[in-house]
Amino acid sequence: MERWSGRVAVVTGASAGIGAAIAQELVKKGLKVVGLARRVERVQELETDLKSEPGQLFPLKCDVTKEHEVKEAFKWIDSSLGGVDILVNNAGVASDNSLSEGPVEHWRSILDLNVLALSICTKEALQSMKGRGLDDGHIVHINSIAGHGFPTRLFMYAASKHAVTALTEGLRRELVNQKSRIRVSIQELTLIPVGEGF
């Protein structure tokens, strides 16, 4: 982690749980961390708790399911901090529903956040990295073993996490074909979150 000290990381879903823990650890390692969240006041509380650490946390209000908010956030990061070096796509949602009954609005919220928002954030981070000639950036997708599928009612969640695996491999191949040294990887978790967000 020493080579990343002083550099800029973006963590989505940084207001609680895994995202807050990742943001906290990166600040402790000396990184400038932009914590994106709808509930930015929670990230602001974490910022206060981390004042004495070697890095710095920058809370930024952003609903990553809204493309214009994502674009504005990355624009701010480019102009204020010089651009993104690491992106941690952590924001996600799960809900208990079936394919025979829905409800469809739950499916839509899962796919919007877990797949489309992740893809939009990835695109903006890549543009930030490539726009300034950065060739050692890293994109991390927080994923789940649910993407391999198992017998629960979280079928749409499992499908979204399977999509993340496919998207990660697709991006890896794109970067190889471009002869880029930007890395993309998955951090797969064994837990299954329950609730509106994590």
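**Charged pairs, sheet and cores**

In this predicted model, R173 counts as exposed, since its relative accessibility is 51% and the cut-off for exposed is over 50%. Its partner in a salt bridge is E169, with the closest N and O atoms 2.8 Å apart, and E169, at 28% relative accessibility, counts as partly exposed. Both residues belong to helix α5, where they are four residues apart, about one turn of the helix.

In general, side chains of opposite charge can pair when their charged atoms come close.

The count of salt bridges comes to 11, and one of them joins the side chains of D85 and R7 at 3.4 Å, N to O. Because D85 lies in the loop between α3 and β4 while R7 lies in the segment before β1, this pair ties together parts that are 78 residues apart in sequence.

Six strands form an open sheet in the order β3-β2-β1-β4-β5-β6, with parallel pairing, and the edge strands, each pairing on one side only, are β3 (56-61) and β6 (183-189). The twist from one strand to the next averages 20°. Strand β2 (residues 32-37) is joined to β3 by six bridges, and L36 stands opposite L60 in β3. Helix α1 (residues 17-28) lies across β1, β2, β3, β4, β5 and β6, and runs at about 165° to β1.

The packing can be followed from the largest nonpolar core, which has 32 residues and in which V10, V34, L36, V64 and F74 have the most contacts. At least two residues of this core come from each of β1, β2, β3, α3, α4 and α5, with α4 (104-131) supplying the largest share, eight residues. Apart from this core lies another, of 19 residues, among them V11, A20, A37 and V43.

Finally, a word on confidence: the chain averages a pLDDT of 91, and 92% of the residues score at least 70. Over residues 194-198, however, the pLDDT is below 50, and this stretch has 15 contacts in the model beyond near neighbours in sequence.

How values were computed
Residues numbered from 1 in each chain as written. Predicted model: local features only at pLDDT ≥ 70, side-chain atom pairs only at ≥ 80, totals over all residues. Heavy atoms only, no water. pLDDT = per-residue confidence, 0-100. Contact = heavy atoms within 4.5 Å. Pairing = 2+ DSSP bridges. Axes fitted to C-alpha atoms, helices over the stretch in contact; angles between N-to-C directions. Core = buried A, V, L, I, M, F, W, Y, C linked by side-chain atoms within 4.5 Å. Buried < 20%, exposed > 50% of the residue type's maximum accessible area, 1.4 Å probe, protein only. Salt bridge = Lys/Arg side-chain N within 4 Å of Asp/Glu carboxyl O.
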